[in-house]
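Student: I am new to this structure. Please take me through its aromatic rings, step by step.

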Amino acid sequence: ICRRLDGIPLAIELAAARLKMLSLEQILGRLEDRFSLLTEGSRTALPRHQTLRALIDWSYDLISEEEREVFCALSVFQGGFTLTAAEAVCGIEEILVPFSHLVDRSLIMVEESAFGEMRYRLLESLREYAAEKLKERVEEEVVQERFSQWAVDWLTEISKRLLQTSRIEWQQRIDKEYENLRRALQIAPPGDLKGRLVNELDRYWYMRSSVHEAEHWLLSALEGASSMTEATLCRVQGALGMTYWQKADNPSARKHLLEALRLAHKTGNSTLQANVGLGLVEAAERNYEEALGYYAEALRDSEERSHRPTRATVLSNMACLYLDRDEFEKARTFFHQSRQCWQEEG
């Protein structure tokens with residue numbers, strides 16, 4: 001209870017007063033609506049100290065309209081955030097002055113430094129209050145759209161910069177922002193933006209083996225397929241196919257990967273994911289010749305696109321296939337080729 005109330009003395013005092021009629025478990029369960037639960041403090045206290053809402057109302061009334069705009073917009077962040085992220089979501093060119101005033105008034109907390117950039121957060125009670133106020137303002141949908149766009153842009157930039165050089169740091173950065181990224185998935189409208197968001201997170205879920213999380217969000221994104229570009233839909237279908245392959249649901253995997261392959265040929269996009277995935281599915285079903293055919297297509301595509309990591313992976317997959325067939329010399333040859341690719345990649 002103390003953690004949920006951010007350690008705010010008044011909030012804890014008001015919660016403790018409820019022990020006359022509620023158990024601890026009941027109080028905890030009712031904290032989703034903390035502003036109606038935490039009322040009627042000491043009758044001798046100042047009016048603004050008699051309820052949690054009155055206390056925050058008093059603080060809110062003291063700040064400028066620009067500061068209120070920033071404060072309310074920041075409620076979309078589920079976890080901590082950086083100043084750069086706040087600038088993208090608030091849509092204010094000169095955010096530093098109102099932001100620093102909110103920090104001075106303890107309405108924004110300085111959390112820690114990570115990856116060379118300070119992080120901030122709103123106390124949960126303040127975040128819920130700010131979220132209520134944002135609903136009353138006309139720009140709620142605009143703020144939410146900016147938030148989802150920030151998530152896509154941030155993921156794209158991080159992946160472009162780090163995936164080929166430091167996958168560990170790439171994972172750590174996404175770990176740090178994951179609460180916010182999940183929040184962006186929750187509020188992103190069905191369509192291309194949500195599709196791009198799940199596509200950017202697909203590799204992360206795959207590397208973390210977060211199969212159920214991936215399936216949930218990919219299916220959710222697919223509900224807006226009619227509002228997606230075919231290029232985005234192609235990647236969503238491919239990612240969903242690979243997720244079903246991880247779950248050993250080969251019929252579902254084959255269905256989505258074939259659709260991804262069809263869309264890739266139609267739009268001229270990469271067929272790598274679909275061909276590799278279909279090779280894995282057919283190999284799992286011991287349809288070796290079909291699997292080798294898909295792998296051969298993937299090898300040709302990876303050579304044309306000079307995509308060495310994919311080439312190394314396909315060569316390794318082919319080696320495993322020959323190993324399964326007890327064709328050890330062929331397996332050894334492909335393993336050597338795969339190892340050489342990885343060594344060249346560093």
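**Aromatic pairs**

Tutor: A search of the whole structure finds 13 aromatic pairs. Rings of Phe, Tyr and Trp (its six-membered ring) pair if their centres lie within 6.5 Å; planes under 30 degrees apart count as stacked, over 60 as edge-to-face and the rest as tilted. Take Phe-81 and Phe-99: their ring centres are 6.4 Å apart and their planes stand at 85°, so the pair is edge-to-face. It links distant parts of the chain, 18 residues apart: Phe-81 is in strand E1, and Phe-99 is in helix H7 (residues 96-104). Helices (H or I, at least four residues) and strands (E, at least two) are DSSP runs, numbered from the N terminus. Both Phe-81 and Phe-99 are buried, meaning under 20% relative accessible area, with exposed over 50% and partly exposed in between (1.4 Å probe, protein chains only).

This is a predicted model: local features need pLDDT of at least 70, side-chain atom pairs count only at pLDDT 80 or more, and totals for chains, interfaces and linings use all residues. Residues are numbered from 1 along each chain as its sequence is written, and side-chain values use heavy atoms, leaving out hydrogens and water.

Now Trp-170 and Tyr-204. Their ring centres lie 6.3 Å apart with planes at 75°, so this pair is edge-to-face. Trp-170 is in helix H10 and Tyr-204 in helix H11 (residues 192-208), 34 residues apart. Both Trp-170 and Tyr-204 are buried.

Ring pairs also build a cluster: Phe-77, Phe-81, Phe-99, Tyr-120, Phe-147, Trp-150 and Trp-154.
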